[in-house]
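Colleague: I have a few minutes before my next meeting. Could you walk me through this one, starting with the strands?

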Amino acid sequence: MSDFDVFLADCPARTTLEVVGHTWSVVVVVALGDGPLRYGELLDRIGGISNKMLTQTLARLRHNGLLTTSDGHHALTGLGRSLLTPVRALAAWAEEHTGELLDARQHAAPEPTTTATTGASATP
């Protein structure tokens with residue numbers, strides 16, 4: 001049983017979800033799942049990520065104890081390796097079902113926009 005409840009507004013587990021659920025975090029963790037990589041190797045491996053975003057993502061993962069850097073190599077910690085199974089499953093699910101999501105988006109009505117202060121719909 002955990003001491004944390006993601007349904008509570010001030011639960012620190014929400015921050016954890018934000019860190020581990022970020023798109024680039026998932027991709028970096030999966031990329032490092034087969035072993036340590038140098039910065040340039042990660043940049044080559046991960047299409048579309050900028051230098052700035054990779055640097056920020058590595059720093060975020062390191063700050064949260066998910067990876068370590070030694071001799072220019074970035075590697076998952078034990079905690080980071082414990083995240084591999086769920087993020088690999090999430091990545092596989094995304095690859096398998098993206099076509100369905102794209103089809104649904106194409107046939108769906110546009111999402112209503114919301115205002116930042118009230119959360120009210122900006123469209124009638």
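Colleague: Which residue in β3 is the bridge partner of Arg38?

Modeller: In this model, which is predicted, Arg38 has His73 of β3 as its bridge partner. The two strands involved, β1 and β3, pair over two bridges in the antiparallel sense.

Colleague: And how many bridges join β2 to β3?

Modeller: There are four bridges between β2 and β3, the latter covering residues 73-76, and these two strands run antiparallel as well. Among the positions that face each other, Leu67 has Leu76 in β3 as its bridge partner, while Thr69 stands opposite His74 in β3.

Colleague: What is the strand order in the sheet, then?

Modeller: The order is β1-β3-β2, with three strands making up an open sheet whose pairing is antiparallel. Because β1 (37-38) and β2 (67-70) stand at the edges and each has a single partner strand, one side of each is left without a neighbour in the sheet.

Colleague: Which residue in the hairpin of β2 and β3 takes a positive phi?

Modeller: That is Asp71, with a phi near 55°, in a hairpin that has two residues between the strands.

Colleague: Switching to the helices: at what angle do α1 and α2 pack?

Modeller: Helix α1, residues 13-21, packs against α2 at an angle of about 60°, and their axes are 5 Å apart. That angle makes α1 oblique to α2. On the α1 side the contact involves Val19, Val20 and Gly21, which meet Thr23, Ser25 and Val26 in α2. By class, the residues of this contact of α1 with α2 divide into three nonpolar and three polar, with no charged ones.

Colleague: How does α2 sit against α4, roughly parallel or roughly perpendicular?

Modeller: The angle between α2 and helix α4, residues 51-63, is about 80°, with the axes 10 Å apart, and that makes α2 roughly perpendicular to α4. From α2, the residues Trp24, Ser25, Val28 and Val29 meet Met53, Leu54, Thr57, Leu58, Arg60 and Leu61 in α4. This contact of α2 with α4 has seven nonpolar residues, two polar and one charged.

Colleague: One more topic, the largest pocket. How much space lies in there, and which residues lie nearest its centre?

Modeller: About 350 Å³ of space lies in the largest pocket. Its lining consists of 14 residues, and those nearest the centre are Val26, Val27, Val30, Ala91 and Glu95.

Colleague: Which helix gives the largest share of that lining?

Modeller: Helix α6 does, with six residues of the lining of the largest pocket. Both α2 (23-31) and α6 (84-107) each supply at least two lining residues, and Val26, which is among those nearest the pocket centre, is also one of the α2 residues that meet α1.

Colleague: How many nonpolar, polar and charged residues are in the lining?

Modeller: The lining of the largest pocket has nine nonpolar residues, together with two polar and three charged ones.

Notes: Residues are numbered from 1 along each chain as its sequence is written. This is a predicted model: local features need pLDDT of at least 70, side-chain atom pairs count only at pLDDT 80 or more; totals for chains, interfaces and linings use all residues. Side-chain values use heavy atoms; hydrogens and water are left out. On a 1 Å grid over the protein atoms alone, a cavity is a set of points where a 1.4 Å probe fits but cannot get out, and a pocket is an open set with protein on both sides within 12 Å along at least five of seven lines; lining residues have an atom within 4 Å of a point. Grid points are joined across faces, edges and corners, and a volume is the space filled by probe spheres set on the points. Ala, Val, Leu, Ile, Met, Phe, Trp, Tyr, Cys and Pro count as nonpolar, Asp, Glu, Lys and Arg as charged, and the others, Gly among them, as polar. Two strands pair if DSSP finds at least two bridges between them. Axes are lines fitted to C-alpha atoms, for helices over the stretch in contact, and angles run from 0 to 180 degrees between N-to-C directions. Angles under 35 degrees count as roughly parallel, over 145 as roughly antiparallel, 65 to 115 as roughly perpendicular and the rest as oblique. Contact means heavy atoms within 4.5 Å.
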